[in-house]
Amino acid sequence: MSNAEATASPDHTGTGSGTAPAHNPEAARLRALLEPAVQANRLYLEDVAIIPGSHRVVHVVVDLPQEESGGVSLDVIADISKVLSDVLDNDPNDDGRPYDLEVSSPGVGRPLTEPRHWYRARGRMVKVNVIQGDTITGRIQAVDDGGVTLVPEVAVKKGMKPRQGEPVKLPFDRIRNGKVEIEFSHLPEDGLEPEHNGPSEEA
């Protein structure tokens with residue numbers, strides 16, 4: 001049985017890129033092993049990465065389902081860490097080497113590259129890199145299967161608060177990526193979700 005140490009670290013802002021090859025067979029095997037337990041706890045398995053060495057680190061990133069708002073709480077991180085540690089301890093194909101288990105949530109710094117990322121960011125201020133178009137900064141008003149509707153911020157004179165433009169619908173095939181803009185607070189706007197958009201459990 002391997003020695004597992006679960007680490008609740010919801011401030012992680014990446015998904016393990018750079019720590020393991022994109023098509024690491026062992027990471028793919030562990031993802032298949034862990035995914036049913038993650039789903040059984042009403043979470044989404046975002047990524048599994050392995051940092052190699054004599055004492056491996058298995059890094060698991062979990063998120064809430066796309067229809068839910070907010071972040072993954074510390075209590076949820078701690079609970080799923082225990083569940084996944086048990087699964088790994090009983091892995092029939094484990095080679096017996098010790099490992100540390102780290103479980104985190106994506107964090108607000110995660111690039112928005114998939115439709116589910118945009119669903120999870122509803123109501124937030126984002127900067128969108130548009131294919132063959134200008135970069136747009138605005139608040140996500142709605143997300144559907146076709147794309148994202150933003151209420152853009154329109155620049156005004158220096159020192160004045162930006163004003164809101166008319167909603168713009170961006171199809172997913174026109175979006176290269178996006179990034180959440182950190183806000184400490186914002187007032188609810190008509191048609192937008194009232195949500196604190198500053199540092200939180202997932203920030």
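Leaving aside neighbours within four places in sequence, Val126 is in contact (heavy atoms within 4.5 Å) with Leu112, Trp118, Ile136, Thr137, Gly138, Ile140, Leu150, Lys179, Val180 and Glu181. The model is predicted: local features need pLDDT of at least 70 and side-chain atom pairs count only at pLDDT 80 or more, while totals for chains, interfaces and linings use all residues. Residues are numbered from 1 along each chain as its sequence is written, and side-chain values use heavy atoms, with hydrogens and water left out.

Val126 belongs to strand 5 (residues 125–130); strands (E, at least two residues) and helices (H or I, at least four) are DSSP runs numbered from the N terminus. Because its relative accessibility is 0%, Val126 counts as buried, a term for residues under 20% relative accessible area with a 1.4 Å probe, protein chains only. Val126 and Ile182 are 56 residues apart in sequence, with their C-alpha atoms 8.6 Å apart in space.

A nonpolar core is a set of buried Ala, Val, Leu, Ile, Met, Phe, Trp, Tyr and Cys residues joined through side-chain atoms within 4.5 Å. The largest has 21 residues, of which Val58, Val60, Val62, Leu84, Leu101 and Val103 touch the most other members. At least two residues of this core come from each of helix 1 (25–40), strand 2 (44–51), strand 3 (56–63), helix 2 and strand 4 (99–104). Helix 1 gives the most, with five residues. Apart from this core lies another, of 15 residues, among them Val128, Val130, Val148 and Leu170.

Helix 2 (residues 74–89) has buried residues including Ile77, Ile80, Leu84 and Leu88.

Note on methods. Buried < 20%, exposed > 50% of the residue type's maximum accessible area, 1.4 Å probe, protein only. Expected span 1.5 Å × (residues − 1).
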